[in-house]
Amino acid sequence: MGTDTVSITELMTAKGHEQVVFVTDPPSGLRAIVAVHSTALGPSLGGIRFWRYPSEHDAVLDALRLSEAMSLKASAAGLHQGGGKAVVLWDVPDAPRSEALLRAMGRAIDELGGRYIAAEDVGATPRDMQVIAAETRWVTGIEGPGGSGDPSPVTAYGVVQAMGTVLEELDGDGTLDGKRVVVDGVGHVGSHLARLLADAGAHVAVADVNPERVDVLLREIGAEALPVDRALEEPCDVLAPCALGSVLNETTIPRLRCRAICGAANNQLADAACDDSLAARGILYAPDFVVNAGGIINLAEEFVGYEGERARARTAQIADTVRRVFEFARQDGVPPGRAAEQMARRRIAEEGAGRRWRPGDPAAWTNGAPLRTLRPG
Ligand code: NAD
């Protein structure tokens, strides 16, 4: 399929995208795409990704796919928020971005008047976000007054809450004490998760391609180290994927020896059929976008004036959401991943009822507070 306008609008129509904006700024070399999937529940929120794409077509597809995923995540988390995503076509991954390019991106976001609210994503740095934020207030996750800062600790906290529900479903009791949990990938989220699990009395085993990250946890919490290639096959109660996407696929699923999967990584299932394959093997899968919503819940708190305690309290509700997903899956006889997606889509259709958020729309539509509290200025 080509990338002409007709096929893009066809793709948008198929998945219900409201708007795709192509942005260029020839003097700075900026080339970017902003996809707004849905504003039915409120302004769309999603990260800015700086990435080297094989073609512009791939960049469009990525923006469409990721923005839709953000709508589902926000909806499942009960937020009054939609899904969006920005991708900047960037050929040299580690090269710093010029201030002119970032400012041009900030102005493009500002022109959308709040229909797209940006956050940090793959390839973006805190410095990039600071420069973008100099041009627009529609940016979340900035360090400093009113900002929610690093989302990883809250995300990890949400994973622990979800894991409690998973264990309740398996054993009728949500306690982590004495349970064996494998954390695959101990970066920002995984390392916090490993510490929280150890505090709750779990036997924690960790794996990471970066041995220093493993060593820190061996020293700090007495975690057991696993070779990376064995982590997925290790017998355990819960496997927590916290590294890359597509880790659950037709090659790995037959080799799993866990009772359940509950981790922070995005897009853990290589495709929708893997949801069925896990169910067929009797492995309970807690859907990734429900489990890892702590990060987005944390960002959404900026709309009402950020308070860490309230963000944690809202994140704790992930335990209930996972419970509802399992109930829905049982009732409808579908695997949990599909159940979560159907729940999220139903809320957008029923509560959103075909609405589109426009600049100046009622404040009540934005997690109950005026958007101007997002950031001062
Ligand atoms: P990160 O880059 O800090 O950590 C990822 C870790 O995985 C690194 O330590 C890396 O060395 C390791 N890793 C890479 N390949 C591996 C492999 N093959 N096997 C084992 N380990 C490997 O990222 P993060 O912020 O901790 O995020 C982890 C995952 O959670 C990502 O998929 C991210 O999209 C998702 N997520 C993160 C947040 C958040 O708040 N940071 C929120 C929602 C979802």
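The dialogue that follows sets values against definitions.

Modeller: This is a predicted model, in which local features need pLDDT of at least 70 and side-chain atom pairs count only at pLDDT 80 or more, while totals for chains, interfaces and linings use all residues. Residues are numbered from 1 along each chain as its sequence is written, and side-chain values use heavy atoms, with hydrogens and water left out.

Biologist: What joins the side chains of Ser148 and Glu302?

Modeller: A polar contact of 2.6 Å joins them. The term requires a pair of N or O atoms within 3.5 Å; within protein, one must be able to donate a hydrogen and the other to accept it, and residues adjacent in sequence count only if both atoms are side-chain atoms.

Biologist: How is Ala198 classed?

Modeller: Ala198 counts as partly exposed because its relative accessibility is 23%. Ala198 lies in helix H6 (residues 188-199).

Biologist: Which residues does Ala198 contact, leaving aside its neighbours within four places in sequence?

Modeller: With those neighbours left aside, Ala198 is in contact with Val204 and Ile221, where contact means heavy atoms within 4.5 Å. The C-alpha atoms of Ala198 and Ile221 are separated by 6.6 Å, although these residues are 23 residues apart along the chain.

Key. Helix = DSSP H or I, 4+ residues; strand = E, 2+ residues; numbered from the N terminus. Buried < 20%, exposed > 50% of the residue type's maximum accessible area, 1.4 Å probe, protein only.
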